Amino acid sequence: VDSCRWDAADDIDSDTVCADVDSCEVDANNDVDGDGICADVDSCPSDAENDADSDNVCGNFDSCPHDHLDDFDGDAMCADQDICPFATENDADSDSLCSNDICTDTEGVQCSSYKLGLGSNSGRCVADNMCDVCACDCDDEC
């Protein structure tokens, strides 16, 4: 008896769903994360957000799934929850200003031009999306 009359491969993924009605013909879990991408072509088959922070670590393995620097300052707080993602002591003096003690100034980028009050791009860190790239020179603004 042919269990899958209209499926020549007879349920190749053995999920008891014949290919003619199987949304994921070669994915036995039928898109287990529910993101609409079958596991055989899903870069993160168990992460519905497919590495939301683009750090090449799927959310189900990522300690900080919405922080591409994965708690860069090591204070056990992911950047999406950390008010000072580049300061290990956060805002220790409660003045609403971070004292960044860890720099991520990217090599090859002219971060010094963003130094508040000194550089030609002073005051443009947020507008130019440079807070993560030039964390120390943008410290006062970000």
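Guide: Before the first contact, one term is needed: a polar contact is a pair of N or O atoms within 3.5 Å, where within protein one atom must be able to donate a hydrogen and the other to accept it. Please also keep in mind throughout that this is a predicted model.

Visitor: Fine. What lies 3.2 Å from a polar atom of the side chain of Asp31?
Guide: That is the backbone nitrogen of Asp35, and the 3.2 Å separation from the polar side-chain atom of Asp31 falls within the 3.5 Å limit of the definition.

Visitor: And is Asp31 buried or exposed?
Guide: Asp31 is buried, because its relative accessible area is 15% and the cut-off for buried is under 20%.

Visitor: Which residues is Asp31 in contact with, leaving aside its neighbours within four places in sequence?
Guide: With those neighbours set aside, Asp31 is in contact with Cys24, Gly36, Ile37 and Asp42.

Visitor: Switching to rings: how many aromatic pairs does the structure hold?
Guide: There is 1 aromatic pair in the structure. It is made by Phe72 and Phe86, whose ring centres are 6.1 Å apart and whose planes meet at 65°, so the pair is classed as edge-to-face.

Visitor: Why edge-to-face?
Guide: A pair of aromatic rings is described by the distance of the centres and the angle of the planes. Here the planes of Phe72 and Phe86 stand at 65°, and because the edge-to-face class covers angles over 60 degrees, the label follows.

Visitor: Now the cysteines. How many disulfides does a search of the whole structure find?
Guide: The search finds 4 disulfides, and we can look at some of them in turn. One of them links Cys64 and Cys78, with the sulfur atoms 2.0 Å apart, and both of these cysteines are buried. The torsion about their S-S bond is about -75°, so this disulfide is left-handed.

Visitor: What about Cys111, which residue does it form a disulfide with?
Guide: Cys111 forms a disulfide with Cys134, the sulfur atoms again being 2.0 Å apart, and because the torsion about the S-S bond is about -75°, this link is left-handed. Cys111 counts as buried at 4% relative accessibility, and Cys134 is buried with a relative accessible area of 0%.

Visitor: And Cys125?
Guide: A disulfide joins Cys125 to Cys138 at an S to S distance of 2.0 Å; the link is left-handed, with -80° about the S-S bond, and both partners are buried.

Visitor: Which residues make up the largest nonpolar core?
Guide: The core has 6 residues, namely Cys111, Tyr114, Cys125, Met130, Cys134 and Cys138. Not counting residues up to four places away in sequence, Cys138 touches Tyr114, Cys125, Met130 and Cys131.

Visitor: Last topic, backbone torsions. Which residue other than glycine has a positive phi near 60°?
Guide: That is Asp51, whose phi is near 60° and which counts as buried at 11% relative accessibility. Asp70 also has a positive phi, of about 45°, although it is not a glycine, and Asp70 counts as partly exposed at 28% relative accessibility.

Methods: Residues are numbered from 1 along each chain as its sequence is written. This is a predicted model: local features need pLDDT of at least 70, side-chain atom pairs count only at pLDDT 80 or more; totals for chains, interfaces and linings use all residues. Side-chain values use heavy atoms; hydrogens and water are left out. Buried means under 20% relative accessible area, exposed over 50%, partly exposed in between (1.4 Å probe, protein chains only). Contact means heavy atoms within 4.5 Å. Rings of Phe, Tyr and Trp (its six-membered ring) pair if their centres lie within 6.5 Å; planes under 30 degrees apart count as stacked, over 60 as edge-to-face and the rest as tilted. A nonpolar core is a set of buried Ala, Val, Leu, Ile, Met, Phe, Trp, Tyr and Cys residues joined through side-chain atoms within 4.5 Å. A disulfide is a pair of cysteine sulfur atoms within 2.5 Å.
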